[in-house]
Amino acid sequence: MKRAVVLSSGGIDSTTVMAMAQAEGYEVYSLSFNYGQRHAWELQAAERVAKALGVKEHLILDLDLKKIGGSALTDAIEVPKGRSAEEMAKGIPVTYVPARNTIFLSYALAWAERLGAADIFIGVTAIDFSGYPDCRPEYIRAFEQMANLALKAAVEGRLSIRIHTPLIEMTKADIIRKGLELGVDYRLTHSCYDPSAEGKACGQCDSCLLRKKGFHEAGLADPTRYVS
Ligand SMILES: [Zn+2]
């Protein structure tokens, strides 16, 4: 069976990507990071998802990006609430984590080489997204090129790395519909940047608003537990 490393945050996008990779016949190795994010809920969600989808192995790596800071997700910076779609479309928000996807993909690359897996999946989207530069197609293409120059297995011709971004042109509603078609249970997932102590979603951060909009546009009931 061909192996794939899938980056998993326990959210809608990465969970859907995982189901898509499995539907394409890949044996999935999911990778999550304990990187000093504000809360542990997303890691718990990633574990629930890995179990429910029956991945081959789920690896959680510890990276202390809190020591670097510079983001509302890892530092004492307030998570923006109640932003409109227009506001979200303008510029890169403070929830951007410096070089996060480059860091995550680099670890995925190391694990892929170790596993002999040519395929890495990441749930980035360039449609309903928050303006992060490391979610754009030109970035992904450049990373893939770099990867094939960086690995021993690639240089020796044994592995040709492909970075798969099956969601890149999908809206949140398309993603949710696709996942439901593949049997994904979105109750397992977590999206909120700033949940309550009990793990309820705030309903107002960009991630919550995009999630709500996705369910609304897909014409589906949102199974998320919100604070209000
Ligand atoms: Zn939220």
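Helices, of at least four residues, and strands, of at least two, are taken as DSSP runs and numbered from the N terminus. On this basis the predicted model contains eight helices and five strands. Along the sequence these elements follow the order β-α-β-α-β-α-α-β-α-α-β-α-α. The radius of gyration of the chain is 17 Å, close to the 17 Å given by the globule rule for 228 residues, and the chain is therefore as compact as a globular protein of that length. Along the principal axes, the C-alpha atoms occupy a box of roughly 55 × 40 × 30 Å.

Of the 228 residues, 52% are classed as buried. Among contacts with a separation of 6 or more, 73% link residues 24 or more positions apart.

In soluble globular proteins, nonpolar side chains tend to be buried together. In this model, the largest nonpolar core comprises 44 residues, and those with the most contacts inside it are Val-5, Leu-7, Tyr-35, Leu-105, Ile-120, Ile-161 and Ile-163. At least two residues of this core come from each of strand E1 (3–7), strand E2 (27–34), helix H4 (100–115), helix H5 (137–150) and helix H6 (152–155). Helix H4 provides the largest share, with seven residues. Apart from this core lies another, of 22 residues, which includes Val-6, Met-20, Leu-53 and Val-184.

Leu-7 belongs to strand E1 and is buried, because its relative accessible area of 8% falls under the 20% limit. Beyond its neighbours up to four places away in sequence, Leu-7 touches Ser-14, Leu-31, Phe-33, Phe-104, Leu-105, Ala-108, Phe-121 and Ile-122.

Gly-199 is located in the loop between helix H7 (172–181) and helix H8 (206–218). Its relative accessible area is 15%, so Gly-199 counts as buried. Outside the four places on either side in sequence, Gly-199 is in contact with Trp-41 and His-190. Gly-199 and Val-227 are 28 residues apart along the chain, and their C-alpha atoms are separated by 9.0 Å.

A further loop residue concerns the backbone. Most residues other than glycine have a negative phi. Ala-99, by contrast, has a positive phi, near 60°. Ala-99 lies in the loop between helix H3 (85–89) and H4. With a relative accessibility of 34%, Ala-99 is partly exposed, because this value lies between the 20% and 50% limits.

Notes
Residues numbered from 1 in each chain as written. Predicted model: local features only at pLDDT ≥ 70, side-chain atom pairs only at ≥ 80, totals over all residues. Heavy atoms only, no water. Rg over C-alpha atoms; globule rule 2.2 N^0.38 Å. Buried < 20%, exposed > 50% of the residue type's maximum accessible area, 1.4 Å probe, protein only. Contact = heavy atoms within 4.5 Å. Core = buried A, V, L, I, M, F, W, Y, C linked by side-chain atoms within 4.5 Å.
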